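Q: I have a structure on screen and want to learn how to read its features. Can you take me through them in order?

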Amino acid sequence: FCAKFSIKNAFMNLAVCDNIAEDARKISASANIKVLYTGYSKDKFFPVNEKKEALILTVGAGSNWQRIKIKGIDFFCDLARSLPEYRFLIIGLNSQAIKLLGKIPENLEIMGKVSQKELLEYYQRAKLYAQFSMREGLPNVVCEAMLCECIPIGFNNGGIPVAIGDAGYILKEKTLESAKIAIESAMKNMEIGKAARKRIIEKFPMENRIKFLQNL
């Protein structure tokens, strides 16, 4: 009731991605809803090295199994087990969530929350950024990683394909085999990281969001 009343009676609802706007319209068809993408700063998120580490990174918080499933952390762990020749890293999980994952493969490192400065350094090191969420708006971590020239890989859910576009790998099949094929291809690709940064700069600049809000 509270969500429906708020959405219906607000002067305007600003959704960060098209799928969020669609969900809001299902709650209140008469509501005034516009899509305003999150903006990102190319000066805040930037690459430092031409040669990236063969590291596959994901970021996600959660302390229960439902959250782990929604964020695709369990799939990421299974993928690490199936690709022992590569290094995988999860940032953001607490000790309770780590216990739920069971036996951790040797090639997978798990860290808790880090500062934004530290996170930037990991974006700058990792060659690939993976987002296997079951549900997302416009994923900030994907866009930030892409600005650091990480090659994005993700499921075809919500705002993930909106962020990645043609500058990464969107998995139409949610299988380990399709993810492994994408990772093998991405590891050999030398140019798509630059295309990923260019896409975020052109499609989701901070200036667009500022201008829209000022005009509103």
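A: Start with pockets. A pocket is an open set of grid points with protein on both sides within 12 Å along at least five of seven lines, and its lining residues have an atom within 4 Å of a point. Keep in mind that this is a predicted model. By that rule, the second largest pocket is lined by Val59, Gly60, Ala61, Ile91, Gly92, Lys113, Val114, Ser115, Gln116, Leu119 and Val141.

Q: How much space lies in the second largest pocket, and how does its lining divide by class?

A: The space comes to about 150 Å³. The lining holds 6 nonpolar, 4 polar and 1 charged residue.

Q: Where does Gly193 sit, and is Gly193 buried or exposed?

A: Look in helix H10, residues 192–203. Gly193 has a relative accessible area of 7%, so it is buried. Now compare sequence and space. Gly168 is 25 residues from Gly193 along the chain, and their C-alpha atoms are 8.0 Å apart.

Q: What is the phi of Glu149?

A: First the general idea. Most residues other than glycine have a negative phi. Here, Glu149 has a positive phi, near 65 degrees. Glu149 sits in the loop between helix H7 (140–147) and strand E7 (151–155).

Q: Which residue forms a salt bridge with Glu149?

A: The general idea is that side chains of opposite charge can pair when their charged atoms come close. The partner of Glu149 is Lys194, with the closest N and O atoms 3.8 Å apart. Lys194 is in helix H10 and Glu149 is in the loop between H7 and E7, so the pair ties together parts 45 residues apart in sequence. Lys194 is partly exposed at 33% relative accessibility, whereas Glu149 is buried at 18%. There is also a network: salt bridges with shared partners join Glu53, Arg87 and Arg125.

Q: How many salt bridges does the count come to?

A: The count is 8. One of them pairs Glu121 with Lys117, the closest N and O atoms being 2.9 Å apart. Why this spacing? Both residues are in helix H6 (residues 116–125), 4 residues apart, so about one helical turn separates them. Lys117 is exposed at 59% relative accessibility, and Glu121 is partly exposed at 35%.

Q: What about Asp74 and Lys69?

A: They form a salt bridge too, with the closest N and O atoms 3.0 Å apart. Buried means under 20% relative accessible area. Asp74, at 15%, therefore counts as buried. Lys69, at 35%, counts as partly exposed.

Q: Is Ala163 buried or exposed?

A: Buried, with a relative accessible area of 0%. Ala163 is in helix H8, residues 160–164.

Q: Which residues make the nonpolar surface patch?

A: Phe11, Leu14, Leu213 and Leu216 make the patch, which covers about 390 Å². Leu213 belongs to helix H11, residues 206–215. At 40% relative accessibility, Leu213 is partly exposed.

Technical notes:
Residues numbered from 1 in each chain as written. Predicted model: local features only at pLDDT ≥ 70, side-chain atom pairs only at ≥ 80, totals over all residues. Heavy atoms only, no water. 1 Å grid on protein atoms, 1.4 Å probe; cavity = no way out; pocket = protein on both sides within 12 Å on 5 of 7 lines; lining within 4 Å. Points joined across faces, edges and corners; volume = space filled by probe spheres on them. Nonpolar A, V, L, I, M, F, W, Y, C, P; charged D, E, K, R; others polar. Patch = residues over 30% accessible without salt bridge, like charges linked within 9 Å, V, L, I, M, F, W, Y side chains within 5 Å. Areas by Shrake-Rupley, 256 points an atom, 1.4 Å probe, with all protein chains shown as cover. Salt bridge = Lys/Arg side-chain N within 4 Å of Asp/Glu carboxyl O. Helix = DSSP H or I, 4+ residues; strand = E, 2+ residues; numbered from the N terminus. Buried < 20%, exposed > 50% of the residue type's maximum accessible area, 1.4 Å probe, protein only.
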